[in-house]
Amino acid sequence: MANVDKRKAFSIEDKVKFIRKLQNGESQSAICKEFSLSKSTVATIWKNRDSIISAYEKNINGYKRLRKVEKEKVEEALFKWFTLHRSRNLPITGAILPAKANEFAELFEEKSFVCSNGWLDRFKKRHNIRSSKVVGEAANACSSDINHWMENVCPHIIRNYYEKDIFKADETGLFYNLTPNQTLKFKGERCVGGKFSKVKITILVCANMNGSEKQKLTVI
């Protein structure tokens, strides 16, 4: 295991590099191993990411301010990518945008760019992008029938049993190819997700009433 130097001082540019790697999906453990960092150091950098990025962009500690043209190139590419994917009714979650922005920055070799929360919020406002739930079909349960069963039928059935001896089992579908039901979209855009994948596996879930015993999930 690599030695971790807890006293080592990192430049603001190094910290931005760590933040970019985390935003692109790398784990904290992988970064600790690659750069011989302690977990607490990486956690602190990630916690203070907004102030670090803000300082980096404001030319603190001698680093150059981001040029406007650099932001424009990344923003133009990100906007075109977003428009194309929404035209195909593909859902885009909030975590995808910063990762894609950093990807375009690397593609254009804009090493000084990092997608901060502030930059991302301003990007959404400039292009009227909002978060919305994808419209889908849902069946409505009859609340009156449920209430009647819970108040009048269920107590009579379970009155002679302890809660730990009462089990409930049910099956549910795991649609592992299903796209997210939440997406970013343009303001005023009708949010339709297209045809949902119906590929699934069926899982049996079982536990007792007080939650003290939970059976392992069973694939049917």
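Two rings of Phe, Tyr or Trp (for Trp, its six-membered ring) form a pair if their centres lie within 6.5 Å, and planes under 30 degrees apart count as stacked. By this rule, the count here comes to 3 aromatic pairs. Keep in mind as you look around that this is a predicted model.

**Aromatic pairs and charges over rings**
- Phe 104 and Phe 108 are stacked, because their ring centres are 6.4 Å apart and their planes meet at 15°.
- Phe 104 counts as buried because its relative accessibility is 13%, whereas Phe 108, at 29%, counts as partly exposed.
- Trp 119 and Phe 123 also have planes at 15°, with ring centres 5.6 Å apart, so this pair is stacked.
- Lys 100 sits over the face of Phe 104, 5.7 Å from the ring centre.
- Arg 49 lies over the face of Trp 46, at 4.0 Å from the ring centre.

**Nonpolar cores**
- The largest nonpolar core has 18 residues, and those with the most contacts inside it are Leu 78, Phe 82, Leu 97 and Trp 119.
- Helices H5 (68-87), H6 (96-107) and H7 (117-126), together with strand S3 (182-186), each give two or more residues to this core.
- H5 supplies the largest share, with 5 residues.
- Beyond its neighbours within four places in sequence, Leu 78 is in contact with Leu 97, Lys 100, Ala 101, Phe 104, Trp 119 and Phe 123.
- A second, separate core has 16 residues, including Ile 12, Phe 18, Tyr 56 and Val 114.

**A closer look at helix H7**
- Which residues of H7 are buried? They are Trp 119, Leu 120, Phe 123 and Lys 124.
- These residues are on the same side of H7, because they cover an arc of only 135° around the axis.
- Trp 119 and Phe 123 are 4 residues apart in H7, about one turn of the helix.
- Just after H7, Asn 128 takes a positive phi of about 55°.

**The annotated region**
- An unreviewed UniProt entry annotates residues 28-48 as "DNA-binding region".
- In the model, this span is 81% helix and 0% strand, and its end C-alpha atoms lie 15 Å apart.

**Lys 214**
- Lys 214 is in the loop between strand S4 (201-208) and strand S5 (218-219).
- Is Lys 214 buried or exposed? Lys 214 counts as exposed, because its relative accessibility is 66%.
- Leaving aside neighbours within four places in sequence, Lys 214 is in contact with Cys 206 and Ala 207.
- Phe 167 is 47 residues from Lys 214 along the chain, and their C-alpha atoms are separated by 9.2 Å.

Terms used: Residues numbered from 1 in each chain as written. Predicted model: local features only at pLDDT ≥ 70, side-chain atom pairs only at ≥ 80, totals over all residues. Heavy atoms only, no water. UniProt positions renumbered as here; feature names shortened; annotations may be inferred. Core = buried A, V, L, I, M, F, W, Y, C linked by side-chain atoms within 4.5 Å. Buried < 20%, exposed > 50% of the residue type's maximum accessible area, 1.4 Å probe, protein only. Contact = heavy atoms within 4.5 Å. Arc of directions from axis to C-beta. Phe/Tyr/Trp six-rings, centres within 6.5 Å; stacked < 30°, edge-to-face > 60°. Lys NZ or Arg CZ within 6 Å of the ring centre and 35° of its normal.
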